[in-house]
Amino acid sequence: METSKTKLGADHPDTLTSMANLALTWKAQGRQADALVLMQGCAQAQKRVLGPEHPNTLSTQAIIEDWSI
């Protein structure tokens with residue numbers, strides 16, 4: 001994710017995908033709190049960059065809702 005931020009920029013769609021993937025990895029490793037914070041940041045950026053109705057934004061929001069149960 002850091003490489004994507006450096007090469008493409010923090011708001012590039014590929015960087016946001018890397019951010020979501022890292023959050024999923026952290027969740028799988030048991031780092032639930034870190035994963036949720038990162039995924040929430042990803043969702044905020046996706047809303048700003050891609051729009052609130054973009055499929056990636058909606059998917060990220062669904063994951064956050066699932067994790068928050």
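Reply: Threonine 15 is found in helix 2, where helices (H or I, at least four residues) and strands (E, at least two) are DSSP runs numbered from the N terminus. This is a predicted model, in which local features need pLDDT of at least 70 and side-chain atom pairs count only at pLDDT 80 or more, while totals for chains, interfaces and linings use all residues. Residues are numbered from 1 along each chain as its sequence is written, and side-chain values use heavy atoms, with hydrogens and water left out.

Threonine 15 has 0% relative accessibility and therefore counts as buried, a term that means under 20% relative accessible area, with exposed meaning over 50% and partly exposed in between (1.4 Å probe, protein chains only). Leaving aside neighbours within four places in sequence, threonine 15 is in contact (heavy atoms within 4.5 Å) with Met1, Ser4, Lys5, Leu8, Gly9 and Ala10.

Aspartate 14 also belongs to helix 2, which covers residues 13–28, yet aspartate 14 is partly exposed, at a relative accessible area of 46%.

From helix 2 the view extends to helix 3. What covers the buried residues of helix 3 includes helix 2 and helix 4 (55–67), and those buried residues are Ala35, Leu38, Met39, Cys42, Ala43, Ala45 and Gln46. The 18 residues of helix 3 (residues 32–49) should span 26 Å at 1.5 Å a residue, and the end C-alpha atoms are 25 Å apart, which agrees; the expected span is 1.5 Å times one less than the number of residues.

Glutamine 46, in helix 3, is buried with a relative accessible area of 3%. When neighbours within four places in sequence are set aside, glutamine 46 is in contact with Leu16, Gly51, Asn56, Thr57 and Thr60. Proline 13 is 33 residues from glutamine 46 in sequence, but their C-alpha atoms are 7.8 Å apart.

Valine 49 also lies in helix 3 and counts as partly exposed, at 32% relative accessibility. Not counting residues up to four places away in sequence, valine 49 touches Asp11 and Leu16, and Leu16 is also among the contacts of glutamine 46. The C-alpha atom of valine 49 is 17 Å from that of threonine 6, which is 43 residues away along the chain. After helix 3 comes glycine 51, whose phi is positive, near 105°.

For the chain as a whole, there are four helices and zero strands, following the pattern α-α-α-α along the sequence. The radius of gyration is 11 Å, close to the 11 Å that the globule rule gives for 69 residues, so the chain is as compact as a globular protein of that length; the radius is taken over C-alpha atoms, and the rule is 2.2 Å times the number of residues to the power 0.38. The C-alpha trace spans about 30 × 25 × 15 Å along its principal axes, and 28% of the 69 residues count as buried. Of the contacts with a separation of 6 or more, 36% come from residues 24 or more positions apart.
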